[in-house]
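I opened this notebook to keep track of a few residues that I looked up one after another. The entries follow the order in which I went through them.

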Amino acid sequence: MADTSGARDGSGVLDGHIGRPSEKRHNRRAKAVHLSWHEAAAYCAWAGGRLPTIKEWVQAAYRETRPDPSAGFIAGRQYAYPVGDTPIGANTRGDDPWPRHAAAGTTQVGVNGLYDMGGNVWEWLADRDGQAALTAGGSWWYGAEEMVSSAMQWKPVDFYVVYIGFRCVYDHGRAR
């Protein structure tokens, strides 16, 4: 089982945000975007993690696995959106307060207590098919319909745009 929270203690890295511990950054919660699959995978490896698989993403984003969940979520329940039964509270091109990607953790908390698993920015997954890799979650550039699990998209591994980012996962038992 992987830790899909994306947190890395003491590193300055949270949920795919670039920053070594010694760096002083203007906005340490800014999403790392405009990166290819190769760059995202390399960063995660450097940070002691890896990109999540489709199976890990789906479980983390849509099925509440905490035994005592907060924010009105129900243990064991599968949700349509990473933020619950509706896309309200996610950063999509709809009615929300963010004109572009939002700082990490500023959107509504979602399934499993995770932020930004739906909307905000597409995120690279480990799954590949030749020179294409899966992205999941949708983004501020797209509508809420892209947040559902069936809407994951294959994109060229060397593709990079302002609406695709990543998060690293860390396997239990591995030092972070």
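**Entry on Arg66.** I began with Arg66, which lies in the loop between α2 and β4; helices here are DSSP runs of H or I with at least four residues, strands are runs of E with at least two, and both are numbered from the N terminus. Before going further I noted that this is a predicted model, in which local features need pLDDT of at least 70 and side-chain atom pairs count only at pLDDT 80 or more, while totals for chains, interfaces and linings use all residues. I also noted that residues are numbered from 1 along each chain as its sequence is written, and that side-chain values use heavy atoms, with hydrogens and water left out.

Which residues does Arg66 touch, not counting those up to four places away in sequence? I found Phe73, Ala75, Gly110, Asn112 and Gly113, where contact means heavy atoms within 4.5 Å. For Gly113, which is 47 residues from Arg66 along the chain, I read a C-alpha separation of 8.6 Å. The side chain of Arg66 also makes a polar contact of 2.7 Å with the side chain of Glu64; such a contact is a pair of N or O atoms within 3.5 Å, and within protein one must be able to donate a hydrogen and the other to accept it, with residues adjacent in sequence counting only if both atoms are side-chain atoms.

I turned next to Asn112, one of the residues touched by Arg66, and placed it in the loop between α2 (54-62) and β4 (122-129). Its phi is positive, about 60°, although Asn112 is not a glycine. Is Asn112 buried or exposed? Asn112 is buried, because its relative accessible area is 13% and buried means under 20%, exposed over 50% and partly exposed in between, with a 1.4 Å probe and protein chains only. Asn120, found in the loop between α2 and β4, has a positive phi near 65° without being a glycine, and its relative accessible area of 0% makes it buried.

**Entry on Thr107.** I located Thr107 in the loop between α2 and β4, and it counts as buried because its relative accessible area is 6%. Its side chain is joined to that of Asp116 by a polar contact of 2.7 Å. Leaving out residues up to four places away in sequence, I listed Gly89, Asn91, Trp98, Ala102, Tyr115 and Asp116 as touched by Thr107.
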